[in-house]
Amino acid sequence: MLAIIGGTGLSQLELFERVEVKAVPTVYAKLPVAVLCLRHERREVLFLPRHGEGHVLPPHSINYRANIQALKLLGTTHIIAINAVGGIHVELGPGHFAVPDQIIDYTSGRSATFFDDEQSAVHHIDFTQPYDESLRQRLLLACGEQVAIEGDDVRVLAGGVYGCTDGPRLETAAEVRRLKRDGCDMVGMTGMPEAALAREQELAYASLALSVNWAAGLGSEAITMEKIHQVLDRGMNTVRSVLQRLATQEFN
Ligand code: HPA
């Protein structure tokens, strides 16, 4: 079954039929995780707004382990994550998309593994390729079909390195210059540990990243929440259409 993890600007999927809200207890959170069960053309899709309903949780306070465990318990096999990012690559100006193929993790202090139980054997997942290649290709195909309809206004970069910072503040210009030297094409705050936790649970995981601003120091204007929201409003319409295309497909 396909699950969608919604990011900033995507806390609802109005175009899907709402079946029920499941409250899923996990060992990682006091409160159950609320997962929306949606239906589209007779197929069920799960939807989990990462920042909580009403966008209340900043990136460093999200309970990534509880979220991934809840999706696993509901029978998820594939996850499409939606991530708002700052663009570093020249092709990733505000309003353009990427389906990243690599990650550099700059976060610290987040609960980043399910394998921290002292009773069980030490386990190291292979994370050479952090995203599932076959799911990335399916996502790129759906993006390509949508972009062909929308025209040249929207581009999708078929790869790229996602640098994940802690936030919630945005970066300094020097930090972005360093991210660029490191090889990052985009910077966001929510890609990790989500991707690694999905791999630990053997879930296929891919990300659709929307650039909502030029990363700090790369654009000619100040980064404001107002401008970010303008880009988000438009971009998330494209995201919804891409997700509708994917939701009609079989995932198992
Ligand atoms: N930096 C980090 N995370 C982000 C940005 C950014 O510029 N824009 C959206 N999420």
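## Close-up views of a predicted model

**View 1. The largest pocket and its lining.** In this predicted model, the largest pocket has a volume of about 440 Å³. It is lined by 24 residues, and those closest to its centre are Thr 8, Pro 59, Ala 84, Leu 170 and Met 189. Four elements each contribute at least two residues to the lining of this pocket, namely strand E5 (78–87), strand E10 (186–188), strand E11 (204–214) and helix H5 (225–247). The greatest contribution to the lining of the largest pocket is that of E5, which provides three residues. Sorted by class, the lining of the largest pocket comprises 15 nonpolar residues, seven polar residues and two charged residues.

**View 2. The ligand and the shell of residues around it.** The ligand takes up the space of the largest pocket, and the elements that give two or more residues to the shell around the ligand are E5, E10 and E11. The residues that surround the ligand are Ala 84, Val 85, Gly 86, Leu 170, Glu 171, Val 187, Gly 188, Met 189, Val 212 and Asn 213. With three residues, E5 gives the most to this shell. By class, the shell around the ligand consists of six nonpolar residues, three polar residues and one charged residue.

View 3. Among the residues of the shell, Ala 84 has a polar backbone atom that lies 3.4 Å from a nitrogen atom of the ligand, and a polar backbone atom of Gly 86 is 3.3 Å from a nitrogen atom of the ligand. In the case of Asn 213, a polar side-chain atom is found 2.7 Å from a nitrogen atom of the ligand. On its own the ligand has 260 Å² of accessible area, and the protein covers 92% of this area.

**View 4. The second largest pocket.** The volume of the second largest pocket is about 330 Å³. Its lining is made up of 17 residues, and those that lie nearest its centre are Pro 32, Val 33, Ala 34, Leu 57 and Asn 67. Strand E3 (33–40), strand E4 (43–49) and helix H1 (64–73) each supply at least two residues of this lining, and the largest share, which is three residues, comes from E3. In terms of class, the lining of the second largest pocket has 11 nonpolar residues, three polar residues and three charged residues.

View 5. Most peptide bonds are trans. The bond from Gly 167 to Pro 168, however, is cis, with omega near 0°, and Pro 168 belongs to the loop that runs between strand E9 (161–164) and helix H3 (173–182). Met 192 and Pro 193 are likewise joined by a cis peptide bond, for which omega is about 5°. Pro 193 is placed in the loop between E10 and helix H4 (194–200).

View 6. Most residues other than glycine have a negative phi. Arg 42, which is not a glycine, has a positive phi, with a value near 70°. The loop in which Arg 42 is found lies between E3 and E4, and these two strands each supply at least two residues of the lining of the second largest pocket.

How values were computed
Residues are numbered from 1 along each chain as its sequence is written. This is a predicted model: local features need pLDDT of at least 70, side-chain atom pairs count only at pLDDT 80 or more; totals for chains, interfaces and linings use all residues. Side-chain values use heavy atoms; hydrogens and water are left out. On a 1 Å grid over the protein atoms alone, a cavity is a set of points where a 1.4 Å probe fits but cannot get out, and a pocket is an open set with protein on both sides within 12 Å along at least five of seven lines; lining residues have an atom within 4 Å of a point. Grid points are joined across faces, edges and corners, and a volume is the space filled by probe spheres set on the points. Ala, Val, Leu, Ile, Met, Phe, Trp, Tyr, Cys and Pro count as nonpolar, Asp, Glu, Lys and Arg as charged, and the others, Gly among them, as polar. A residue is near a molecule or strand if one of its heavy atoms lies within 4 Å of it. A polar contact is a pair of N or O atoms within 3.5 Å; within protein, one must be able to donate a hydrogen and the other to accept it, and residues adjacent in sequence count only if both atoms are side-chain atoms. Accessible areas come from the Shrake-Rupley method with a 1.4 Å probe; for residues, only the protein chains shown count as cover. A molecule sits in a cavity or pocket if more than half of its atoms lie within 2 Å of its grid points.
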